[in-house]
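Dear colleague,

I am passing on a structure that may be new to you, and my notes on it follow below. Please look through the sequence and the model before reading them.

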Amino acid sequence: MLVRGWLLCVFCFHTCAGISQQCKFHHSVCLMEPELLDRSFKNPLKEHIRHGMGQPDTPHRNKPHRRKGSRVRTEETEPRIVHHPSDVVVKAGSPATLSCRVDGSPKPTIEWLRNGQPLGTDKGDGRAVPMVLSEGSLFFLNVGGGRRGQTHEGVYACVATNSAGKATSRNASLYIAVLKEEFSVQPGDAEVAEGEVAVLYCGPPMGHPEPNVIWKKDGVPISNTDHHYTKLSGKLIIAPAEKSHSGSYVCVARNIMGERQSRAARISVLGKPVLVLKPENVSVRTGESAHFYCQARGDPPPTVAWSREQGPLPNGRYLINPDQTLQLHYVTVQDAGSYTCTAANHVGVVAAVAQLQVEEAPSTEQKDFHRELSALRVTLENVTIIASESNVSLVQWKLQSLPAQPHYLNGFEVLYRPLLPVSSDWAALRVSLPGFQAQVGPLKRGYKYEFKVRPYGSSLYGRESNTRHLRVPERAPSAPPLAVSITVDHEQNNTVHLSWEPPPPDSHNGVIQGYQVWCMESDEQQYQNWTVDSGQHSLDVSTLEPGKQYWVTMAAVNGAGVGTLSDPHGFVTKPQLGDATEPDTHKQDASPVLALLQDPVLIGSVGALLWCLLMIAVVFLFRRHSSAGQLSPHHSKAKDLRRLASEDLIIKHR
């Protein structure tokens, strides 16, 4: 028993020493598992005790044993495509992925086909050649980015293979997106009447994927909820068209490559003519005047015409005013009948009819009056300006057959009105017998006038004469533009903003056609000039040199030439940064001085020199005051000066 005890102690010591060596082998950290330590310590002890007690050993091969790390062989299954790739459309230069997921045992390997042929893949950067990812998807880092214009477009399929078989996915196509520039059909301008149908056609550019087409009106997309608009196969249908639908329309084609816009097409929804004032039936006596009123509106403004059912309007005795009113002078029984007012424009016509009833004159005298006026024939011979550069006209006429003793003729009425640049109603000037000429004016310079003459007696008029035209000569404007203002914007490259108002109306002396602007530079006496239209009363100038003084003057212009100049207005432009080099020169010249002043050795020397000069001055003053017998009062001051100088020198040396 004693021997067995000693052996047990030796065994324990040996086991502990072995464990200690293993811990040292692992960098002084014991990595042995607790179970391993327990087995290594207990099993030999149990064996030793078992042998000591006479228990036989159990053979190792009689124990049930399962080798560590052995695998149970699983059943093999053929590959199966779990997720098939789908078609992909991608921009050139962008990444793309064709997905493919497979199942099977053992784990299948995946390869890809392109157009039925094995696809070469890249394990590197994958910029030109696609890569197969770990789960089997095909990844393109840069579609279409290969050398020499290589394209990745094609039909792809993934193939899964293992020892049990093979499976192929459905085909998937890879397309590179494209959108051409040119529209096959451009929308065109159209005019349509209110209530009708307007159609715009658009053929979008070729593209893949097929571009989506939308429409914009005046830059804003058309609402899909507006029932007036219908989009059908690239067409835009507007029904029924309203005035609010007038505007600029653009066809926009979009896909992932971007968008293309067609030319702008103008839709004009026009208004049919409408009579806002219709003529009414009129009843007059022979020799009197009849008036028929008619007014129309529409878009564009309609033209109004008068006609008579029984024949032409009475020659020389009718007048259509600018407000479309029809006037019949010296009405006869033969003038009775139907008169029609017709208004027409591009999109429609409208008409209205009124009746004229003429009553016979009740007396013989009235009939004679009518007969006399109707027999008169007036000829307008000449219309001229009475003097050069005048604006008063001389109108002359004559009667073809003047009765020897006119009983009812009181005189003549000269009718005149401006035609250009604007028209207005007729004005009248009466001339009593025996006058056959008249001065009419002053007229507006630069205007074109129309003249005619008719006889009158009592409240009745005879036949009108022929018409003649006259243009009144112009003179240069006699006054400059008003309220001239000049503003210089130094922040916007010295842009000069000029503004003004037209001259007073009585000084136009014609029709203002524009304005002339002159700008002169003071130093070099160089000038620039600009001409603007009459409707423009401002001008922006950005061509002037910086740092200069300028003077501006302007004048109105008409057909006779340039008018009176305005007073000169001066201003100065701001210099550009970097033009003034003088301060930099001074700074450069002063730099050596600054360098000397910043030298500590030099400062000490200068301080010593100043101290010496100060002491000489103190001694001189001391002697001077001593000789004058005034040493005592100034002795303390000299002492203080010496003290201050010493302190100043000490400070500078420090």
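**Backbone and surface notes**

Aspartate 218 is partly exposed, with a relative accessible area of 46%, where partly exposed is the class between buried (under 20% relative accessible area) and exposed (over 50%), taken with a 1.4 Å probe and protein chains only. This is a predicted model, in which local features need pLDDT of at least 70 and side-chain atom pairs count only at pLDDT 80 or more, while totals for chains, interfaces and linings use all residues. Residues are numbered from 1 along each chain as its sequence is written, and side-chain values use heavy atoms, with hydrogens and water left out.

Although aspartate 218 is not a glycine, its phi is positive, at about 55 degrees, and the residue sits in the loop between β16 (212-217) and β17 (220-221); strands here are DSSP runs of E with at least two residues, numbered from the N terminus. Glutamine 324, also not a glycine, has a positive phi of about 70 degrees, lies in the loop between β27 (318-320) and β28 (326-328), and counts as partly exposed at 24% relative accessibility.

Turning to the prolines, the peptide bond from leucine 420 to proline 421 is cis, with omega near 5 degrees, and proline 421 belongs to the loop between β33 (411-420) and β34 (427-432). Leucine 433 and proline 434 are likewise joined by a cis peptide bond, with omega about 5 degrees, and proline 434 is in the loop between β34 and β35 (437-440).

Finally, valine 89 is part of strand β2 (residues 88-90) and is partly exposed, with a relative accessible area of 32%.

Key. Helices (H or I, at least four residues) and strands (E, at least two) are DSSP runs, numbered from the N terminus.
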